[in-house]
Amino acid sequence: MRKPKNFRRNDAKEKETITINHIGEINMLSAIEMILNISENSSLDAALMKPLEPFFKYISDLQGLTNIQALLLALMVEESSDGNVVTCSRLARFLDCTNVRIMQFQEDIDDMVKRRFLRRTKRRYGPESMGYVVPEDVITAIKGDTRFVPKSLAAKNGIHFFQLFFDLTHQRKEEEIDTELLIEEFVQLLEANASLRFVKRLEKLNLSDNSKLIVTHLARHLVLSQHEQIPIESMEYLFDDRHMAYNELHSLEEGRHVLIKKGIVEYAGKQEFLDKATYKLSDKAKENLLKGFSLPKHMDAPVMVVKADGIVKKKLFFNDMVGRQIHDLSEMLSVERFAAIQARLKERGRRTGFACLFYGAPGTGKTESVLQIAHATRRDIMQVDMSEIKSKWGGESEQNIKAVFDNYRALCKVCDKTPILLFNEADAILGKRMGQAMRAVDKMNNAIQNIVLQEMETLDGIMIATTNLEQSLDGAFERRFLYKVRFERPDVEQRRKIWLSMMPSLTDDFAFQLATDYDFSGGQIENIVRKCDVESILYGDSAIDADKIHRFCQEETILQNNTARIGFFSSAPST
């Protein structure tokens, strides 16, 4: 806000008269400058304002405004130049008059808003939240000394309509406009495109403006972003009034909204990484409103998001090489270094994604290592079960495997730190591709693998795959994994440390005996420890003795020796 000048009005009048007499050809900027110089601290005195008539006339003739609107436009341009919202009290301070005096011009201001010379906006902070800003296209017209002509709301086609709608809602999201103006301009957008099929069908639903706004918002996400399920928080910003937001969105959550009752919108479950209810247009609504648009098929990727703050820290025991590799990865993926590394790679024209392969026998710590890296770097994990994907998605593998990466990119946008995309037990996609695939299942496998390979090429995040395969890894995948860590079964000393870590009550000698007698992986040792825990819960700690532990070990040995014959793979968590 410019500081008020303390000068005598007669001196000011004489000074400005001299300035006017020496001014050259009038244009928008010079007219606005003159209006500002004379009107500041003028209290709108008619005698002081009289010399401004030629400047008012110039602006009025060029822009089709009244004299008072020309004055208001000049003041709004000046007062919003520092990025602030211009309020009535701000204008009153500039002119040195009362707020009530400015309120007398409200109809003129409202007319300028309707004609888009001004934008009404409402901030979430400050004692006076309602105010106005001058749009950038108006500023451009002023600088160019041309007549401001609002952009046409008539869309070229359906896609263009949703693009215009997105521009409008984005202004609401950035708080450049309030909900009242959003609804007003949304109605104008609908009226300007009454001939479009979507608009015709939408009007036939006989909905309120708020409900039309929600439906169009869901449709826009589906058409432009190919996102079918929209979290409710992505609709909250549409309504700046808390009561309105509660009435609209809470009624959706309770299933009593008219859109739910009419079968236009339906609950789509929860996105775990957002922990928010999601909603989508029903199939019936999509068929009615969006026929002819290219829409994604229904995608419900079987993924699970593990939160970093929910991962329990564990100590892992590896040989020197694996331990060093895991430590180096944790360092590289730390919050402090990862962004810097990506920036440097980008400068050198390199791919910025980190793809890592953890391979080795079951139970050797592959999955647990990913969890501990996530814990150390404070990153969430989006875990994909490939075996479930193949069994669930037969027939739509191409579209749906891509949905995994689409969901990962969406997760990246809402996370403060880039999450880890984990393909756990990814044997199904990492094996060698069939050169001449004839069977449908082989063709599906090849299609899945090709899409994953393509996505790895453009990966801009962190992907880790775990597999038990050692010999049959497809060469194309091997080349795309930047880091490859081979997990081997622990040796005697590592097994001793694992026993002591999981059962601190063991003596060092007995732990060494168990490590020597049984060639177990960390996962198998954890199985035995869990059995001991169950036994102690049921019968007390005294029920666990050396004989009981040996018996559990022998039972685990039987399973180990019969793995090939019965087709058993341990599903116990790795350590």
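Tutor: The expected span of a helix is 1.5 Å times one less than its number of residues. Keep in mind that this model is predicted.

Student: How many residues does helix H18 have, and what distance does H18 reach?
Tutor: H18 covers residues 320-332, which is 13 residues. From first C-alpha to last, H18 reaches 18 Å, close to the 18 Å expected.

Student: Which residues of H18 are buried?
Tutor: Buried means under 20% relative accessible area. In H18, that holds for Val322, Ile326, Leu329, Ser330 and Met332. Their arc around the axis is only 165 degrees, so they lie on the same side of H18. Asp320 and Met321, on the other side of H18, are exposed.

Student: What covers the buried residues of H18?
Tutor: The cover includes two helices, H19 (335-347) and H20 (366-377). It also includes strands S7 (354-360) and S11 (483-487).

Student: Which residue has a side-chain oxygen reaching a backbone nitrogen at the start of H18?
Tutor: Asn319 does. Its oxygen comes to within 3.2 Å of the backbone nitrogen of Met321.

Student: Now a strand. How many residues of S10 are buried?
Tutor: Six of the six residues of S10 (residues 462-467) are buried. Check both faces. Ile462, Ile464 and Thr466 are buried on one side, and Met463, Ala465 and Thr467 on the other.

Student: How many bridges join S7 to S10?
Tutor: Six, and the two strands run parallel.

Student: Let me try a single residue. Is Gln69 buried or exposed?
Tutor: Gln69 is buried, at a relative accessible area of 3%. Look for Gln69 in helix H5 (residues 67-79). Its side chain makes a polar contact of 3.0 Å with that of Asp111. Beyond four places in sequence, Gln69 touches Asp108, Asp111, Met112 and Arg115.

Student: Where does pLDDT stay under 50?
Tutor: Residues 1-22 are one such stretch, with 31 contacts beyond four places in sequence in the model. Residues 391-395 are another, with nine such contacts. Where pLDDT is low, the predicted coordinates should not be read in detail.

Student: What is the average pLDDT of the chain?
Tutor: The average is 82, and 84% of the residues score at least 70. Among the elements, helix H12 (residues 197-204) has the highest mean, 96. Helix H30 (residues 563-566) has the lowest, 37.

Methods: Residues numbered from 1 in each chain as written. Predicted model: local features only at pLDDT ≥ 70, side-chain atom pairs only at ≥ 80, totals over all residues. Heavy atoms only, no water. Helix = DSSP H or I, 4+ residues; strand = E, 2+ residues; numbered from the N terminus. Buried < 20%, exposed > 50% of the residue type's maximum accessible area, 1.4 Å probe, protein only. Arc of directions from axis to C-beta. Contact = heavy atoms within 4.5 Å. Polar contact = N/O pair within 3.5 Å; in protein donor to acceptor, adjacent residues only side chain to side chain. pLDDT = per-residue confidence, 0-100. Pairing = 2+ DSSP bridges.
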